[in-house]
Amino acid sequence: MNIRVLGAHNCERQGLKLVSLLVDEVLAIDAGSLTSSLSLEEQKKIRAILLSHQHYDHVRDIPILAMNLFLSGAATRIYSIPAVGDALARHLLNEEIYPDFRQKPEQNPTLKLTVIEPHKAEQVEGYSVLAVPVKHGVPAVGYQVTAAGGQALFYTGDTGPGLASCWRQVSPQLLIIEVTASDKYTEWAADAGHLTPALLKQELESFREINGYLPQVVAVHMNPALEEQIAVEIAAVAQVLGCSITLGYEGMELSI
Ligand SMILES: [Zn+2]
Ligand SMILES: [Zn+2]
């Protein structure tokens, strides 16, 4: 399984993009930077998109991707919990901000929205996909994506601390987890549904207690202004836990 980190941040500026992952060129996870990172040909290859939650930094490129696909006569499928589909329909694809590509073209709509039920593994384009609820300000899920060969990644999406029940349901080789802020903001983060390196350490200890090992860990969704400090603090966490934790970056390629 090859994973490209298209965007690794929670804000955008030159060179830094909003969170998106691309698995084996065909399966996208979150849509913060799909159009700005991918050629039209690459966009047309996306057969399915898993959305973790409705926040703008995770869904932003859906309308423009849809327009690109619509103009090319292509289509794709979006998997998400009901709240995300509802928010897309109400706020973005509402014929006011942008066309409703769930209905256009009539015979073969560009976007096919499919509801994914948490806790129930589903087959998506040859992968087994398991949505697992996480703690955030709006309904949100992380996704475990397992390839036919058994390789699995788990992407948390945005989440606050308290992932024990989540860890009981997944066993990935690669964990892509959000770390939005540095330790100075731990209280804010816990409240807002985000993680800091200190909170990450607790969550990884909980993972190890439940699963008996630690996966390769890649942090994403960093606030660019805090990234330097996050890197210092994460290096310390990796040393204490004796595991590999790296900061994701735009263009990073991972393979499991
Ligand atoms: Zn969010
Ligand atoms: Zn976010």
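## Zinc site, core and ring pairs

H53 and D158 are both buried (under 20% relative accessible area; over 50% is exposed and in between is partly exposed, with a 1.4 Å probe and protein chains only). This is a predicted model, in which local features need pLDDT of at least 70, side-chain atom pairs count only at pLDDT 80 or more, and totals for chains, interfaces and linings use all residues. Residues are numbered from 1 along each chain as its sequence is written, chains are lettered from A and ligands numbered from 1 in the order in which they are written, and side-chain values use heavy atoms, without hydrogens and water.

**The zinc site.** Which residues hold the zinc ion (ligand 1)? The donors are H53 (NE2), H55 (ND1), H136 (NE2) and D158 (OD), at 2.2 to 2.3 Å. Donors are N, O and S atoms within 2.8 Å of the metal (3.2 Å for Na, K and Ca); water is not among the atoms, so sites may look incomplete. Along the sequence, the donor residues follow the spacing H-x1-H-x80-H-x21-D. H53 sits in the loop between β4 (48–50) and α3 (56–59), while D158 sits in the loop between β10 (152–155) and α6 (164–167), 105 residues apart. Helices (H or I, at least four residues) and strands (E, at least two) are DSSP runs, numbered from the N terminus.

**The nonpolar core.** In the largest nonpolar core, of 85 residues, I62 and V145 touch the most other members. Such a core is a set of buried Ala, Val, Leu, Ile, Met, Phe, Trp, Tyr and Cys residues joined through side-chain atoms within 4.5 Å. Leaving out residues up to four places away in sequence, I62 touches A31, I49, L51, I78, L88, L93 and L111 (contact means heavy atoms within 4.5 Å).

**Ring pairs.** The whole structure holds 5 aromatic pairs. Rings of Phe, Tyr and Trp (its six-membered ring) pair if their centres lie within 6.5 Å; planes under 30 degrees apart count as stacked, over 60 as edge-to-face and the rest as tilted. Two of the pairs are set out here.

| Pair | Centres | Planes | Type |
|---|---|---|---|
| F70 and F101 | 5.3 Å | 50° | tilted |
| W167 and F207 | 5.1 Å | 70° | edge-to-face |

F70 is partly exposed, with a relative accessible area of 32%. F101 is buried, at 1%. W167 and F207 are both buried. Ring pairs also link F154, W167, F207 and Y213 into a cluster.
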